[in-house]
Amino acid sequence: MITATLLLLLPLAARAIEISEVQGNTFLSPYNGKTVTGVTGLVTANSSSGFYLSSNSAGGSPYGNAIYVYSTSKTVLAQVAVGDIVSLNGKVQEYRSSVDYLFLTEITSPTNITKLSSGNAVTPIVIGAEGLHPPTQQFTSLDVGGPLSVPNNVTQVSTANPTLQPDKYGFDFWEGLSGQLVKITKPTAIAYPNSFKDFWVRGDWPVTGLNQRGGLTITTGSDGLPDMNPEAIIIGAPLDGTNNPDVWMGSTVNDIVGVATYAFGFYRILPLTAPQVIAHNETSQAPTTLTVPTDDANCTLTFGDYNVENMTWNSTHLPLAAAQIGDYLKNPDLVFLQEIQDDTGPTDDGVVSSNKTLQTFVDAIAAHSGVTYSFAYIAPENDKDGGQPGGNIRTAFLYKSDRLKLVDPNFGGALDKTEAVNKNGTIGLTFNPGRIEPANEAWAATRKPLVAQFKSIPSGEDIFAINVHMSSKGGSSSVHGNARPPVNGVVDKRIAQVKLLADFVGSILAINVNVSVIASGDFNEYGQTGAVFDSLRVHLEDIDEAAGIPPTERYTYVFDMNSQQLDHAFISSKLQKGAEVEHLHVNNWVKYSARTSDHDPSVSRVKICTPHVDPPTPACTTRQIGSWCAARLPTFNNLATCAAAAAQCWKDSFTCYGAVPFPQNTQCASYQTQCIKDSAYCAKCLTGKCGPSFP
């Protein structure tokens, strides 16, 4: 009895815990904060702060059977090598460097490390055409309505902790592989490296949104929801301390072997060593084909849009942008510019005028391409429109004064509200150019839309141009972040801003629904964010839709894994038929150091009127002599009507002599001879055998 009692008091041998048990089938470990013992696995990779263990304890599944063991102790790290199978004890911890990020499950403070064997083969799990395929549409089940639905941040991964479905959701796929050694086959870069040389890739697995350049564009998925390409993965810092290469969209690199993990707000692969470039995509952007045709110049309008990124008069990229206006945009009739700074740039000295900046720009365009533009803008209040401090960025128009002119120019001030007015059946603006609701709180620390009424000099048609630069996405969370749906920075402001724009457009169309309206610029929003654009689409159509541009080719910006469209042009119904647009990737197709701006420009071409075409001359179906065509004679069925037809023939024959010049008019005599024969034919009517026309 005493012996039995003593045995009960002895410590029980702790049960060995499998890696798959530690990871569990959710985002957070069921062992978080607990000490685990006898965790056994194969060392697949190591780093300066730990090593990675993998086992096959998940019943053959590739998911949930690897983990990171964290330790900076040189003594600990010296006890393990790649290829060792070891057993250890440690404490399970969920780690993240920010509350905005996901947790990484890891084992910390490892002890009792026992080497069970060494020199074992280490084989990565293949992610690619011959291996696992990441899901291609949605990140997580928590993104109800998709990753761009509003409101944002309805729930968090760390609190909901959903069950992993790695065959369905991108997060779940990469989370399930956390700590695992993987191999990415035939990777292609889809964006620039960041400042840490991390870069995004797609492998040779199936993808959605693939554009012609090789990147992945935000599109609408087969489920009707925005598709932001969860199949893409970022390549982080190599574990051996080498440096990742310089790549850009379309660059190919050799197969990448590394460990899957989560850090700095993104799932990522940490390669064992830096990949090497196989080839860069060196295809150059061609100039636009959308120029003014000589046979329809009067009724054609070409317009460009370009965010020139913090340009002042002495910006080093000003001459480069000027050359692009001529060489690639081919000097459109009208140019919508954003991010024009004041005449002292980022120096915060109270200067708000940008006359010097714009004059320097149009002079540079003229020097390069021989085309002289006029410009129009409204200076903002000092430090009230956001952007680089002191720069006072604003929107501005460039226009060809031989093709366009401002209608009754009456420049408004920074706080002057322009309105559409009915002037005896025609539309005008109270200020031209003017600003839309500049005092409205929606525009706080943001550019106010610039409105101008232009008249086409060749056709006399009016065009209402609205140049926009909505609030930036500052404050957005990572698309791989904890907040679901992700925080789309100040999206509520952009919803309000676009609604004000839509109401203004509606006021124009209420006066004349058949007027030319163009709202173009940097909307700082994806077209798939319906909550922002729905109010505007009541009145205008995105020119990409009107022109039938493939959804994968609709991009003007590249950020994280996505080719995306922040710059849009919306047009009224009058302009939609036959509308054309081309996005010119002069910046996002080249290496980072060669960019002029972070945005790509676009060029569009629309018809602002129906050209006058002389009706074709009808073909002569009777007798033609020169340019004269004999009149068609009336039908007949008796002597009287036959005689009348013959008399008409004789009368018309004399007009032939007046219409046809000598000597060709001598042929008119033969027509008169025919008329005499027709008169004789009428005798047949006496027997009832004439008509209905002459033989």
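Aspartate 383 counts as partly exposed because its relative accessible area is 41% (buried is under 20%, exposed over 50%, partly exposed in between, with a 1.4 Å probe and protein chains only). This is a predicted model in which local features need pLDDT of at least 70 and side-chain atom pairs count only at pLDDT 80 or more, while totals for chains, interfaces and linings use all residues. Residues are numbered from 1 along each chain as its sequence is written, and side-chain values use heavy atoms, with hydrogens and water left out.

Aspartate 383 has a positive phi, near 60 degrees, though it is a residue other than glycine. Its place is the loop between strand 20 (374–376) and strand 21 (394–399); helices (H or I, at least four residues) and strands (E, at least two) are DSSP runs numbered from the N terminus. Glutamate 437, not a glycine either, has a positive phi of about 45 degrees and sits in the loop between strand 25 (434–435) and strand 26 (450–456). Glutamate 437 is partly exposed, at 28% relative accessible area.

## Two cis peptide bonds

Most residues other than glycine have a negative phi, and most peptide bonds are trans. Here, valine 150 and proline 151 are joined by a cis peptide bond with omega about 10 degrees, and proline 151 lies in the loop between strand 6 and strand 7 (155–156). Another cis bond links phenylalanine 662 to proline 663, with omega about 5 degrees; proline 663 belongs to the loop between helix 12 and helix 13 (668–681).

## Inside the fold

Now for the nonpolar cores (sets of buried Ala, Val, Leu, Ile, Met, Phe, Trp, Tyr and Cys residues joined through side-chain atoms within 4.5 Å). The largest has 43 residues, of which Ile127, Tyr267 and Ile269 touch the most other members. Among the elements that each supply at least two residues of this core are helix 5 (170–176) and strand 16 (266–271). Apart from it lies another core of 29 residues, including Leu429 and Phe504.

Serine 158, in helix 4 (residues 157–160), is buried because its relative accessible area is 18%. Beyond its neighbours within four places in sequence, serine 158 is in contact (heavy atoms within 4.5 Å) with Leu28, Arg96, Phe103 and Asn482.

## A strand with two faces

In a regular strand the side chains alternate between the two faces of the sheet. Strand 34 (residues 580–583) has Val581 and His583 on its covered face, and Glu580 and Glu582 on the uncovered one.
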